[in-house]
Amino acid sequence: MTVARTTRVRWFLVLWLFVLSAVSYLDRVNISIAGGAIADAYHLSDVQLGKVFSAMLVGYAMFQTVGGRLADRFGPRRVLTAGVLWWGIFTALTALVPPGFAWAFLLFIAVRFLLGAGEAVIYPAANRFVAHWIPIHERGIANGWIFAGVGAGAGLTPPLITYLMIHYGWRSAFWVCAGIGVVAGTVWYLAARDTPDDHPGVSASELTAIHSGLRLSAVNDASPVETRDSDGGLLPWTRVVRSREVWAVTISYFCYGYVAWIFFSWFYRYLAKVRGLDLKASAFYSMLPFLAMLVCCLLGGIVNDRFTKRHGARIGRCGLAVVSMALAAAFIALGSQVQEARLASVVLAGGAGTLYLSQSSFWSLTADLAGSSSGSVSGFMNMGGQIGGAVTASLTPWIATRYGWTASFLVAAAICLIGAVSWIAVDPLNTLTANRSLAGNAGAVSHQSVHGSHVTPANS
C-alpha cells in the first residue's frame, strides 16, 4: 500500500521569508555601520547623518499601506520579487554618490528615501502570505521565523560590513549587499506562489492541513467561521480606520519602532563614540541586541502559539505583548544607568530581546483580524512603526546632544511602556472580516474567551 507523501512547502517558504527579512535589514543597517566613514568622507554631522537614516524610514513608512495593498491585489510572489530587486538597485546607488559632490547630503537622503519606499513591501507581503498559507495555530512561530530574520540580518551586518570596510572600503559593502539581495529575490520568485492551491509541490495532505487550519474551528470548535472575507474582496479603508484594534496596535507599533530603531540606527555608533569601544569591540557588542532579537522572535512565536491555543488570543497575543514590552522598558532604563560599557551592552541587548518577544503578536493579530486584507492592515500598522523609527533616528541624537545619551534611552523606555499599555485596548476577537450575521455568535465566544481556557479568536 502506497503512503501519501506529506510535504512541508509552507515551511520552506517561511524559511525563505526569513532570508528576505535578513537581507532587508542588511540593506537598512549597513549604513549605520558605515555611517562614520560616510560622515568623514562627506563632512556630515551626526544630526545630518540622522536625517539620512530617517530618510529611509520616512520612505518606508509612507509606502507601507501602498505596499500592503499591492500585495493584497497582486500577491506576495510578484510584489516581493519586485521589491527585492528595487532594494538591490538603491543599495548599490548608495555607493555611487560621487566623492566631493556638493549636494551629497541631499543625494544620500533621496537614495535612502527610495530604498525605504521599495522595502515597504516586505512585511505586509509576508503577512499576506501568512494569511493564506499558514494555519492559525502556526502563525506565531511562522512570524517568529520571519522576524528572526531581522535579528539575523542586523546581527550579521556589523562584522560583515566592518570586514568589508577594513579590507575593501565602505563602498564595497553596499555592492555586496545589493548582490545578495538580487540572488535572494530570484530564488523567492522561482519557489513561491501566492496561494498553496497554485503551488505544484504542495501535497494533498498539506493542502488539506492548510485549508482546515485557516478556519477558526481548527483551534476553537465554537465557531466554523473562516478568518477570510467570504467574498475574498479587499476590506474598505473606512472599515480599517474605524477599528479600535487597528489603532491600538498601530500606536503600540509606533512605540515599538521608536525603541527598535535606536538599536538599528545608533547602537553601533553609541558604543564606539560614547562608550569608547574600538572598531572591532563595537562590531562584536553591537551584534548582541540583534542576536537577542533572533532568539526572542522564535521564542515569542512558540509562546504565542501555545498560549493562544491553551488560554485564548487575549493571553497568547495581547498578554505576551504587554509583558514583553514592559520588560523591555525596564531593561533599557537599567542599561542606560550601567557604567561599564560591556555590561551595559549586555543589559541593553536584553531590552532588545524582550522587545522582540512581542513581534509575532503584532503580525499574527493583524493576520487574524484582516484575513485576505492582512497586507493592507499590517501595512497600516507597520507605517506607525516606521514613523516611530524615523522619529528616533533624528530625535535620539538631538536629545543626546542636549541632555545626554542616558536621557535618550530613558525616553525610549517610557515610550516602550506606552506601547505595552496600548495592547490593553485590543480585543483579538473583534475581527474585521466577519459578516454581520455572525456577530451574535462571535460575541458569545468573546465572553467565553475571557473566562475560560482553550478558546481562541472568533469573528465579531
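## Exercises on cysteines and helices

At 14% relative accessibility, C296 counts as buried. This model is predicted, so please treat it as such while you work through the exercises.

**Exercise 1.** Work out how many disulfides the structure holds, taking C255 and C296 as your test cases.

*Solution.* Start with the cut-off: two cysteine sulfur atoms must lie within 2.5 Å to form a disulfide. Next, take C255: the closest cysteine sulfur, in C416, is 7.8 Å from its own, too far for a bond. C255 is buried too, with 3% relative accessibility. Now turn to C296, whose nearest cysteine sulfur is that of C297, 7.9 Å away, and which is in no disulfide. The total for the structure is 0 disulfides.

**Exercise 2.** Check whether the span of helix α14 agrees with its number of residues, then list its buried residues.

*Solution.* Helix α14 covers residues 288-311, which is 24 residues. The buried residues are P289, F290, A292, M293, C296, C297, L298, G300, G301, N304, D305 and T308.

**Exercise 3.** Decide how α4 and α5 are oriented to each other: roughly parallel or roughly antiparallel?

*Solution.* First, find the angle: the axes of α4 (residues 76-94) and α5 (residues 104-119) cross at roughly 165 degrees and come within 8 Å. Angles over 145 degrees count as roughly antiparallel, and α4 and α5 are therefore roughly antiparallel. The crossing is left-handed. Finally, look at the contacts: residues of α4 including W86, W87 and F90 meet a set in α5 that includes F108, V111 and L115.

Definitions and conventions. Residues are numbered from 1 along each chain as its sequence is written. This is a predicted model: local features need pLDDT of at least 70, side-chain atom pairs count only at pLDDT 80 or more; totals for chains, interfaces and linings use all residues. Side-chain values use heavy atoms; hydrogens and water are left out. Buried means under 20% relative accessible area, exposed over 50%, partly exposed in between (1.4 Å probe, protein chains only). Helices (H or I, at least four residues) and strands (E, at least two) are DSSP runs, numbered from the N terminus. The expected span of a helix is 1.5 Å times one less than its number of residues. Axes are lines fitted to C-alpha atoms, for helices over the stretch in contact, and angles run from 0 to 180 degrees between N-to-C directions. Angles under 35 degrees count as roughly parallel, over 145 as roughly antiparallel, 65 to 115 as roughly perpendicular and the rest as oblique. A crossing is left-handed if the near helix is turned anticlockwise from the far one by less than a right angle, and right-handed if clockwise. Contact means heavy atoms within 4.5 Å.
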